[in-house]
Amino acid sequence: MAARPADPDYPPLNGFLALLGGRRWQARLTEIRDLAASGRRAGQAVRQRHAVELSLEKVRRQPDAPRSAAELLLTRIGAELADIAADLTPRGRDRLIERLQLGLCGENTLIPVFHLARTAMLQRSRGFSVSFPGLDEDAPHDLLIRRDAVEAEVACDVVTAEDGREVHRGAWFRLADRVDPDLQTWLAAHPGRYLLKMTLPLGLRGGLQDGQPDGEALGRLHQRIRTMLTTQARQDHDAAIVLRLDPLLLAGAQAEDIGLVSSLRQEFGPEAHLSVTTAGTGIFVMAARAGRENEVAIAIRRRLAALSPTRLTGTRPGILSVFVEDTDRSEWRGLRERLELEGEARQFLVNPEGRPVVAVSFVSRLELFGVGEPDAAPGGELRFRNPAHPAAGVAALAPAVLSSV
């Protein structure tokens, strides 16, 4: 039986892992596993955040095992990065390794480098030749694509949806894990079904790790909830926090049933942060909202406006390729179906900052992992062209700037 790496569908990871360094790779995996042990909800979020690293490690450890669609795609991108490194100048290769090493530090991930490589692969599949001036020459843009004597600059960037939220998901997971033991104790003494509704006008921010800037705010909120439970108060409020404890009234929803989560989502909407704690027959639900609606698409437009003058030279048509991080299936699909991304992208393109830009594109983890429609965008990315740009109608650029809408 032929070895899997000989199959083009199963490209080897040796070259990619050599760029990272074996010791650094293993140290990073240990860090991820330690972070994932921080709590049930936060741990799951950590594993999701570092899905690229964990998927590649699974492939490394089990090279002959069947691979999921996501594992196949990530393996191909990893192999592509090794090929890219081989074709770069020595300084370009060093810069690529530096970016990879940065992705293995702290709360960083390999997503920025994988987005860069995937974007290059996507443009090459459309008939463009691709070079890497951002690595080889330290240019502000990452890629230079060419076809029929026409060139365009491509700047790749990652923006987190957390920038558009007052209540960060990472902070919410940490809070829910902290409060969970208190709720278990409460349910043991007060069997029943409860709903704690929170409104947080000042928001709640912070990542998945302890020691974040707003860790004290999270601790104060935890203490307020604990005091409320201890005193059996039904409400507590000030300018920063509004808490209200009520019976949970969702007919027919059982704790072990997926119907509970779907019922809660219908009740509180897509922007609510939800957590469910069970003990015996008891159920305790926490539902939180910020003081205003999320502005994820608006935050992305602001990022586009900052990228254009700093990442594009203005001497060629420019394409901004943005990876939208920290979204789930429902949010990413909602941003597209409600035309929020389209509206903000088109607003950016008609503003002065958008003049050098012939097109913008958006991608999320769903496209990176090979998820199909309707959860992921058709064609592997969501694209919007700038009809006012002189190069918008150039035939050679049509595959790169064609709008998906």
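Leucine 335 has its place in helix α13, which spans residues 329–337, where helices (H or I, at least four residues) and strands (E, at least two) are DSSP runs numbered from the N terminus. The model is a predicted one, in which local features need pLDDT of at least 70 and side-chain atom pairs count only at pLDDT 80 or more, while totals for chains, interfaces and linings use all residues. Residues are numbered from 1 along each chain as its sequence is written, and side-chain values use heavy atoms, with hydrogens and water left out.

With a relative accessible area of 2%, leucine 335 is buried, a term that stands for under 20% relative accessible area, with exposed meaning over 50% and partly exposed in between (1.4 Å probe, protein chains only). When residues up to four places away in sequence are not counted, leucine 335 touches Val296, Ala297, Glu340 and Leu341, contact being defined as heavy atoms within 4.5 Å. Phenylalanine 384 lies 49 residues from leucine 335 along the chain, and the C-alpha atoms of the two are separated by 14 Å. Leu341, one of the residues touched by leucine 335, is also among the buried residues of helix α14 (residues 340–350), which are Leu341, Glu342, Glu344, Ala345, Phe348 and Leu349. The cover over these buried residues of α14 includes the helices α12 and α13 together with the strands β9 (318–325), β10 (357–363) and β11 (382–385).

Helix α12 (residues 296–311) holds leucine 307, which is buried, with a relative accessible area of 4%. Apart from neighbours within four places in sequence, the contacts of leucine 307 are Asp157, Leu312, Leu320 and Val322. Of these, leucine 320 is 13 residues from leucine 307 in sequence and 7.9 Å from it in space, C-alpha to C-alpha. A further buried residue is glutamate 71, with a relative accessible area of 8%; glutamate 71 is found in helix α5 (residues 69–87) and, leaving aside neighbours within four places in sequence, is in contact with Ser55, Lys58, Val59 and Pro66.

Two packed helices are described by the angle between their axes and the distance between the axes. The axes here are lines fitted to C-alpha atoms, for helices over the stretch in contact, and the angles run from 0 to 180 degrees between N-to-C directions. Helix α2 (residues 22–36) and helix α3 (residues 40–49) have axes that come within 7 Å and cross at roughly 150°. That makes α2 roughly antiparallel to α3, given that angles under 35 degrees count as roughly parallel, over 145 as roughly antiparallel, 65 to 115 as roughly perpendicular and the rest as oblique. In this contact, Ile32, Leu35 and Ala36 of α2 meet Gly43, Val46 and Arg47 of α3. By class, the contact of α2 with α3 has four nonpolar, one polar and one charged residues, where Ala, Val, Leu, Ile, Met, Phe, Trp, Tyr, Cys and Pro count as nonpolar, Asp, Glu, Lys and Arg as charged, and the others, Gly among them, as polar.

Helix α3 also packs with helix α9 (residues 169–189), at an angle of about 150° and with the axes 7 Å apart; α3 and α9 are therefore roughly antiparallel to each other. Here Arg40, Arg41, Ala42 and Ala45 in α3 meet Phe173, Ala176, Asp177 and Asp180 in α9, and by class this contact has four nonpolar, no polar and four charged residues.

Rings of Phe, Tyr and Trp (its six-membered ring) pair if their centres lie within 6.5 Å, with planes under 30 degrees apart counted as stacked, over 60 as edge-to-face and the rest as tilted. By this rule, the count comes to four aromatic pairs. The rings of tryptophan 186 and tyrosine 194 have centres 5.5 Å apart and planes at 75°, so this pair is edge-to-face. Tryptophan 186 and tyrosine 194 are both buried, and one aromatic cluster is formed by Trp186, Tyr194 and Phe284.

Most residues other than glycine have a negative phi, and most peptide bonds are trans. Aspartate 138, in the loop between α8 (133–136) and β2 (143–147), has a positive phi, near 60°, and is exposed, with a relative accessible area of 53%. Aspartate 326, in the loop between β9 and α13, likewise has a positive phi, near 65°, and is partly exposed, with a relative accessible area of 23%. The peptide bond from glutamate 373 to proline 374 is cis, with omega near 5°, and proline 374 lies in the loop between α15 (365–368) and β11.
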